[in-house]
Amino acid sequence: MKFSATINIKLKKQIKDAKGEAVSAVLSRIGLEDKAKVRIGKIFELEVNAENEDAAKTKLNKIIFDVLMNPIVETYEITTFEVIN
Amino acid sequence: MNLASISYPQTGLKAAIAVFLGTNCEKETRMALEMAGFNVEYIFHTETNLEKFDLVVLPGGFSFGDYIKAGRLAKLSPVIESLREYVKLNKGFVLGICNGFQILCETRLLPGVLIENTKTKFISEDCALFFNNKEITIPIAHKEGCFWADEDTIKQIEKNDMVILRYKNNPNGSINNIAGLYDSKHHVIGMMPHPERAVLSQCGLADGKKIFEFLKTELLNFKKSCPTKNLSKKRVE
């Protein structure tokens with residue numbers, strides 16, 4: 001079976017997000033939102049082959065922890081997970 | 001400048017420079033190591049036999065384009081798997097410079113992680129640092145060079161004397177001004193500054209030599225104190 005998933009990775013809340021702060025400063029400067037809280041992350045859309053849903057989730061978990069993120073500074077969220085065929 | 005006037009002492013120490021797709025500092029690293037007396041070989045990131053080397057260097061650059069995050073994809077290379085074994089079995093020393101430091105942190109051979117500089121800029125400048133309680137100046141050139149670790153890890157780092165280099169003016173926001181680290185055994189070294197770019201006084205800076213000379217001395221002492229390493233040396237000879 002083939003599954004598709006969307007994974008969001010972002011810095012943990014206690015880590016300073018310099019990119020987010022840069023965006024926030026621009027939002028203040030152009031008058032759209034003053035001192036907005038902005039956090040920037042990455043989105044991964046990927047497909048995995050697995051025998052069933054559990055196996056797909058296990059594989060996905062390994063991909064996330066071994067490749068996509070570093071749990072020392074980042075967190076993840078699987079925002080979509082569905083069977084393609 | 002007359003490069004022929006540079007002397008290359010012979011120490012018998014063998015160093016490997018691991019070249020990844022996107023590495024770009026291997027040539028100057030080779031020259032700096034040779035000036036310190038190392039016999040140097042390039043190895044590709046698919047190499048798995050590190051047996052004959054006293055030192056493995058992960059040089060600067062942008063391995064695998066730094067895609068996802070600096071060092072993230074390089075940590076999955078075959079050479080890194082062998083490097084874990086190399087470190088575990090005390091086969092020799094490891095030096096990671098800039099991208100090499102990022103790779104060592106991603107692989108957990110060194111604690112903590114390098115995140116984006118607090119000012120988000122790519123910083124390229126000569127940088128004042130403290131090395132063995134003395135001030136030296138070595139160039140830095142990075143965007144993800146802000147060292148971060150949780151409180152407990154920082155306590156361990158300080159308690160075990162694992163900081164090899166500190167920034168004087170902390171240009172990137174690193175915790176405790178950390179610019180370079182040892183592992184707990186002092187066999188694995190990672191640093192954001194580029195000592196290999198400061199080994200010729202004719203080019204303005206030569207403080208990087210102090211790092212390579214220090215490394216050479218430490219390695220020679222390590223080999224003297226390590227009987228298995230001496231045995232393997234005899235076999236090779």
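In which strand of chain B does His142(B) lie? His142(B) belongs to strand 7 (residues 134–142) of chain B; helices (H or I, at least four residues) and strands (E, at least two) are DSSP runs, numbered from the N terminus. This is a predicted model, in which local features need pLDDT of at least 70 and side-chain atom pairs count only at pLDDT 80 or more, while totals for chains, interfaces and linings use all residues. Residues are numbered from 1 along each chain as its sequence is written, chains are lettered from A and ligands numbered from 1 in the order in which they are written, and side-chain values use heavy atoms, with hydrogens and water left out.

His142(B) has 2% relative accessibility and therefore counts as buried (under 20% relative accessible area; exposed is over 50%, partly exposed in between; 1.4 Å probe, protein chains only). Not counting residues up to four places away in sequence, His142(B) touches residues including Cys98(B), Asn117(B), Tyr167(B) and Met192(B), where contact means heavy atoms within 4.5 Å.

Asn24(B) sits in the loop between strand 1 (13–19) and helix 1 (26–35) of chain B. At 42% relative accessibility, Asn24(B) is partly exposed. Beyond its neighbours within four places in sequence, Asn24(B) contacts Gly60(B), Gly61(B) and Phe62(B).

A nonpolar core is a set of buried Ala, Val, Leu, Ile, Met, Phe, Trp, Tyr and Cys residues joined through side-chain atoms within 4.5 Å. The largest one has 71 residues, of which Leu33(B), Phe38(B), Leu55(B), Leu83(B), Leu95(B) and Phe147(B) touch the most other members. Helix 5 (residues 208–225) of chain B supplies the largest share of this core, six residues. Another core, of 14 residues, lies apart from it, and its members include Ala5(A), Ala50(A), Ile64(A) and Ile68(B).

In chain A, helix 1 (residues 18–29) has 12 residues and reaches 17 Å from its first C-alpha to its last, close to the 16 Å expected at 1.5 Å a residue (1.5 Å times one less than its number of residues). Ala18(A), Gly20(A) and Ser24(A) are buried in this helix. Seen down the helix axis, the buried residues fall within an arc of 150 degrees, so they line one face of helix 1 of chain A; the arc is that of the directions from the helix axis to the C-beta atoms. After helix 1 of chain A comes Gly31(A), with a positive phi near 80 degrees.
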